[in-house]
Amino acid sequence: QAEETGLIINMGDWILREVCRNYRQWLDKGLPKIHVAVNYSSIQFFDDNLVERIINTINDFGLNPEFLIVEITESVLMTEAEKAASIIKRLQYHGIQVALDDFGTGFSSLAYLGSFKIDILKIDGSFIKSAIKNENSNIITKSIINMARELNIKLVAEGIEKWEQLSYLLKLKCKIGQGYLYSKPLFSDEFEKVLAKGVCKP
């Protein structure tokens, strides 16, 4: 409903402002610098003033834009390819990375990788869950990891929930991941404690 009414734009602005507010507080407390990812829907991503609003919000808190990662899905790329490419370039000009979420779940991903300079691929957790037992998923997962390496794109494995999944990914030299094996979703104050430790181990 938020997307249908257009409220998603205001919600996105509020979310980014809260992200910047928290990150500014963490830096002021001497906590380590990190990258923070924020998801954007197609309506948000194609708003004419998106880049300007992002940069203005970041500047309001005196932050370096390089901390931000904008996450989109491949459906965004399919909507308006030329406009999407232009927005991605403008974000990257400011040092903001762009991540393609849920990679592998659609049919357009491979076709668009050659046209868009994506910084990060996030392989969908469904492949990770079935790769160990299903040979087809295993082959696809290996291929995506190798392809990302050849294209010099960072790869993040989503949905890591078991040690055997982590071991499998490490054998394939995929060293960046996320999932419940590392941590459940945390409130800001809980995450701050993890950040203070400087490490988040499975």
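## The largest cavity

In this predicted model, the largest cavity is lined by I9, G12, D13, L16, Y40, Q44, L50, R53, I54 and T57. Its volume comes to about 60 Å³, and the structure holds one cavity of 30 Å³ or more.

Sorted by class, five of the lining residues are nonpolar, three are polar and two are charged. Helix 2 (7-28) and helix 4 (50-60) each contribute at least two residues to this lining.

## A closer look at helix 4

Helix 4 is worth a visit of its own. Its buried residues are L50, V51, I54, I55, T57 and I58. Viewed down the helix axis, these buried residues fall within an arc of 160°, so they line one face of helix 4.

After helix 4 comes G62, which has a positive phi, near 65°.

## The whole protein

Stepping back, the protein has 11 helices and five strands. Its radius of gyration is 18 Å, close to the 17 Å that the globule rule gives for 202 residues, so the protein is as compact as a globular protein of that length. Along the principal axes, its C-alpha atoms fill a box of roughly 50 × 45 × 35 Å.

Of the 202 residues, 39% are buried. Among contacts between residues at least 6 apart in sequence, 65% link residues at least 24 apart.

Definitions and conventions
Residues are numbered from 1 along each chain as its sequence is written. This is a predicted model: local features need pLDDT of at least 70, side-chain atom pairs count only at pLDDT 80 or more; totals for chains, interfaces and linings use all residues. Side-chain values use heavy atoms; hydrogens and water are left out. On a 1 Å grid over the protein atoms alone, a cavity is a set of points where a 1.4 Å probe fits but cannot get out, and a pocket is an open set with protein on both sides within 12 Å along at least five of seven lines; lining residues have an atom within 4 Å of a point. Grid points are joined across faces, edges and corners, and a volume is the space filled by probe spheres set on the points. Helices (H or I, at least four residues) and strands (E, at least two) are DSSP runs, numbered from the N terminus. Ala, Val, Leu, Ile, Met, Phe, Trp, Tyr, Cys and Pro count as nonpolar, Asp, Glu, Lys and Arg as charged, and the others, Gly among them, as polar. Buried means under 20% relative accessible area, exposed over 50%, partly exposed in between (1.4 Å probe, protein chains only). The arc is that of the directions from the helix axis to the C-beta atoms. The radius of gyration is taken over C-alpha atoms; the globule rule is 2.2 Å times the number of residues to the power 0.38. Contact means heavy atoms within 4.5 Å.
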